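Here is my note on the model. Please read the points beside the coordinates.

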Amino acid sequence: MKRFVAAAAALGCVVVGAASAQAGETLDRVMKNKVLVEVTDQAYPPFSFLNDKGEMDGFDIDVAKEFAKRLGVELKVETPSWAIITAGNWKGRWDICICSMTPTTERAAVLDFVNEYYAAPAVIVVNSDNEDIKGASDLSGKKLGAEAGTTYEKYIEKQLVIDVPGIDPVKPEFPFDNATAVPYDSEDTAFQDLALGSGKRLDAIVSGYLTARERVEKAEGKFKIVGDTLFAEPIWVSVDKGDPEWEARSRKSSRTWKATAP
C-alpha cells in the first residue's frame, strides 16, 4: 500500500482543490455524482484482475481507489475491451484510465496522457517445450499472440511508435520478417492457447514483462520468458480528449507522482 499512497496523494490533492473552481465537465460530473469511473483491462495481473471474490483487484485498482479517496468520491471500475478503451471517444462513460497504458502516436490522437507512473519492458513468452525461439530475431514466420489493441500487437505488425508527451517519438527495432499477429480479446485466452504446446495455435506471445512474469510463475513450468527486452514501455495515466480543464488539472496535480510497480 505504501508504494502508491503517496503517489496517489500527489495526484489527487490539486484536483480536490480544483473542485470549487471552474473545474471542467469531467470533474464537475465526478464531484456531482460522487463517483470516479475508472476503466481498465479485466485480465492483466498483477495490475488488474478479478480476485477470488469476483472483485477487480491489483496495483492499478489500488492506485485508482486511493485517487478516488483523495477526491472524496467512490470508485467504479468498468472493463470493456482494450481496443475500445484505446479508441478514445469515451463520451463521458469513463473518467480516467489508470490502466497500464503506453502512449503511442495513434492513441495520442484520441487520448491525452497526463502522467507517467511506472515503466516496464516488453518480452517474448514461449511454451516451456520451445527451443527454437531465443530472441526477437527468431520470430520470423511465427504466429505470435497479443491482446488486441495493445502495443504488443502493433510491435508484431511493425507499426509501433511510442509517443511520450514532450519527447520525440521512438520506433523500436523489428529484427524479424513475416510474423503473424494473432489478436485476442484477453491475454488469458492467449496463454491458454500457448499452453497447448509450441506451434499448436501459437509459437509465442508478446507481452509486458511484469504481467508475463506473473503468469509464468503461476503456471508451474508451462511457460518461459526468452531473449532480451523488445522495447521499453513507459506507462501513463490517460484521459479522453475533449476536456482540456480535466487534462490540465490531472497533469498539474500529478507532476510529482511516480509509483513503484509490483
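1. Burial first. A residue is buried under 20% relative accessible area, exposed over 50% and partly exposed in between (1.4 Å probe, protein chains only). On that scale Cys97 counts as buried because its relative accessibility is 0%.

2. Basis. This is a predicted model, in which local features need pLDDT of at least 70, side-chain atom pairs count only at pLDDT 80 or more, and totals for chains, interfaces and linings use all residues. Residues are numbered from 1 along each chain as its sequence is written, and side-chain values use heavy atoms, with hydrogens and water left out.

3. Overall make-up. The protein chain has nine helices and 10 strands. Helices (H or I, at least four residues) and strands (E, at least two) are DSSP runs, numbered from the N terminus. Of the 262 residues, 53% count as buried. The chain exposes about 11,700 Å², with carbon and sulfur atoms supplying 48% of that area; the areas come from the Shrake-Rupley method with a 1.4 Å probe, and for residues only the protein chains shown count as cover.

4. Contact range. Contact means heavy atoms within 4.5 Å. Take the contacts between residues at least 6 apart in sequence: 76% of them join residues at least 24 apart.

5. The disulfide. How many disulfides does a search of the whole structure find? It finds one, taking a disulfide as a pair of cysteine sulfur atoms within 2.5 Å. Cys97 is joined to Cys99, with S to S at 1.4 Å. Please check that pair in the model. Cys99 also counts as buried, because its relative accessibility is 4%.

6. The sheet. Six strands form an open, mixed sheet, ordered β5-β10-β6-β9-β7-β8. Strands pair if DSSP finds at least two bridges between them. β5 (97-101) and β8 (180-184) are the edge strands, each pairing on one side only. From one strand to the next, the twist averages 30 degrees.

7. β5 and β10 run antiparallel and are joined by two bridges. Met101 stands opposite Trp236 in β10. Helix α3 packs on the sheet, where α3 touches β5 and β6. The direction of α3 makes about 150 degrees with that of β5; axes are lines fitted to C-alpha atoms, for helices over the stretch in contact, and angles run from 0 to 180 degrees between N-to-C directions.

8. Helix α3. α3 (residues 59-71) has 13 residues and reaches 19 Å from its first C-alpha to its last. That is close to the 18 Å expected at 1.5 Å a residue, the expected span being 1.5 Å times one less than the number of residues. Its buried residues include Phe59, Ile61, Val63, Phe67 and Leu71. Asp60 and Glu66 are buried too. Gly72 follows α3 and has a positive phi, near 80 degrees.

9. Helix α8. In α8 (residues 209-218), the buried residues are Leu210, Thr211, Ala212, Glu214, Arg215 and Val216. What do they pack against? Their partners are β6 (111-127), α7 (187-194), β9 (204-208) and β10 (223-240). Just after α8, Glu220 takes a positive phi of about 55 degrees.

10. Ala83. This residue is found in helix α4 (residues 82-86). Ala83 counts as partly exposed because its relative accessibility is 36%. Leaving aside neighbours within four places in sequence, Ala83 is in contact with Ala148 and Gly149. Ala83 and Asp41 are 42 residues apart along the chain, and their C-alpha atoms are separated by 10.0 Å.
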